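Please go through the pocket and the helix packing of the model below.

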Amino acid sequence: MIQTVTTAGSAFGALFAGPVASIGRWKCLIYTNIIVIIGCSLTLVENWGCLCIGRFLYGMASGSFSVFCPKYISEVAPVEIKGPAGSLTQIMITFGILVPFAIGAFFPHIDEYENSTLLMIVNMLFAIPIAVSGINIFLLVTVFNFDTPPVMKQKKQFSQLESLFKKIY
């Protein structure tokens, strides 16, 4: 049941991420990382409803990332590395889907979590995406603090676009 909620959230996120991307790829990545932090934090609450909502939000963010990240990379990467960068992104998305399913195969059914140590380990696994999203937000704000060239052109931010081209090319 819980994995179904995550998968439904992922489908929902991927389906509606396209129209949302018009606000800017950079903003979408920031907001999606915030949704990951909220979703994973809700999964740490020992309440069935919070767990399902948290997993849905986490899935929604995962689905959104599968739209925003390839788009951001393809619009920012220089032509020489655009193909390999796009391929690597898709491989990592697929790997990111595979790993949780593989890890979940070794854990018992949720009714069998009588052991508090096992429950603590499962909760610690959700701390990993929180940490990674925190690092992503930090890097997006400090290092990659620009939107993609097509978005800058659409918003008529030509001076920022010129400085971006000097920086990445």
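Q: How much space lies in the second largest pocket?

A: This is a predicted model, where local features need pLDDT of at least 70, side-chain atom pairs count only at pLDDT 80 or more, and totals for chains, interfaces and linings use all residues. Residues are numbered from 1 along each chain as its sequence is written, and side-chain values use heavy atoms, without hydrogens and water. A pocket is an open set of points on a 1 Å grid over the protein atoms alone where a 1.4 Å probe fits, with protein on both sides within 12 Å along at least five of seven lines. With volume taken as the space filled by probe spheres set on the points, the second largest pocket holds about 220 Å³.

Q: Which residues of the lining lie nearest the centre of the second largest pocket?

A: Lining residues have an atom within 4 Å of a point. The second largest pocket has 13 of them, and those nearest its centre are Asn145, Phe146, Asp147, Met152 and Gln160.

Q: Which helix supplies the largest share of that lining?

A: Helices are DSSP runs (H or I, at least four residues) numbered from the N terminus. At least two lining residues come from each of α2 (25-43), α7 (149-154) and α8 (158-168). The largest share, four residues, belongs to α8.

Q: How do the lining residues divide by type?

A: Ala, Val, Leu, Ile, Met, Phe, Trp, Tyr, Cys and Pro count as nonpolar, Asp, Glu, Lys and Arg as charged, and the others, Gly among them, as polar. On that scheme the lining of the second largest pocket has five nonpolar, four polar and four charged residues.

Q: What is the orientation of α2 and α6 to each other?

A: Axes are lines fitted to C-alpha atoms over the stretch in contact, with angles from 0 to 180 degrees between N-to-C directions. For α2 and α6 (residues 127-142) the angle is about 155°, and the axes are 9 Å apart. Angles over 145 degrees count as roughly antiparallel, so α2 and α6 are roughly antiparallel.

Q: Which residue types make up the contact of α2 with α6?

A: Contact means heavy atoms within 4.5 Å. Residues of α2 including Trp26, Leu29 and Ile30 meet residues of α6, among them Pro129, Ile130 and Ser133. The contact of α2 with α6 divides into twelve nonpolar, five polar and no charged.

Note on methods: Angles under 35 degrees count as roughly parallel, over 145 as roughly antiparallel, 65 to 115 as roughly perpendicular and the rest as oblique.
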